Amino acid sequence: MMLSPDQAADSDHPSSAHSDPESLGGADSKVLGSVSDLEPVEEAEGDGKGGSRAALYPHPQQLSREEKRRRRRATAKYRSAHATRERIRVEAFNLAFAELRKLLPTLPPDKKLSKIEILRLAICYISYLNHVLDV
């Protein structure tokens, strides 16, 4: 027996009973829950503007200062600029250590020293020079 769409919606045909979560019995009702359980989900998804995506990406004016900072820092342009600034800083830092290394007496004079060795040697050398001036 074929029913028109209007008749199928109004009839007590078994296929239309399955569309109502409350009419399902047994294990199926535990999985689907009641109609009231489904309403919050429909409200969250039914706004037509992306549904739950709006919860993940709120309007920029609603973001905290920290969240705005995180989003700005996540851009490729920011990361590239930061990497460039960091490279320049490290090069300047290494240049300063190289200049300090040239001023320190060591044997052999061309011996490679780590940064901490350069600092410790500089401290000892400055102490020695202060002692010489005091005598």
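Visitor: How many salt bridges does the count come to?

Guide: The count comes to four salt bridges, where a salt bridge is a side-chain nitrogen of Lys or Arg within 4 Å of a carboxyl oxygen of Asp or Glu. This is a predicted model, in which local features need pLDDT of at least 70 and side-chain atom pairs count only at pLDDT 80 or more, while totals for chains, interfaces and linings use all residues. Residues are numbered from 1 along each chain as its sequence is written, and side-chain values use heavy atoms, with hydrogens and water left out.

Visitor: Which residue does Glu66 meet in a salt bridge?

Guide: Glu66 pairs with Arg69 at 3.0 Å, N to O; the two are three residues apart in helix α6 (residues 65-73), and so about one helical turn separates them. Helices here are DSSP runs of H or I with at least four residues, numbered from the N terminus.

Visitor: And what does Glu67 do?

Guide: The side chain of Glu67 forms a salt bridge with that of Arg71 (3.4 Å, N to O), and Glu67, Arg70 and Arg71 are linked in a network of salt bridges.

Visitor: Is Arg101 buried or exposed?

Guide: Arg101, which is found in helix α7, is buried yet has no salt bridge, the nearest side chain of opposite charge being Asp110, 6.5 Å away. Buried means under 20% relative accessible area, exposed over 50% and partly exposed in between, with a 1.4 Å probe and protein chains only; for charge, Lys and Arg count as positive and Asp and Glu as negative, whereas His and the chain ends are not counted.

Visitor: Then which side chain does it make a polar contact with?

Guide: The side chain of Arg101 makes a polar contact with the side chain of Thr106 at 2.8 Å, the term meaning a pair of N or O atoms within 3.5 Å, of which, within protein, one must be able to donate a hydrogen and the other to accept it, and residues adjacent in sequence count only if both atoms are side-chain atoms. A polar atom of the Arg101 side chain also lies 2.9 Å from the backbone oxygen of Pro109.
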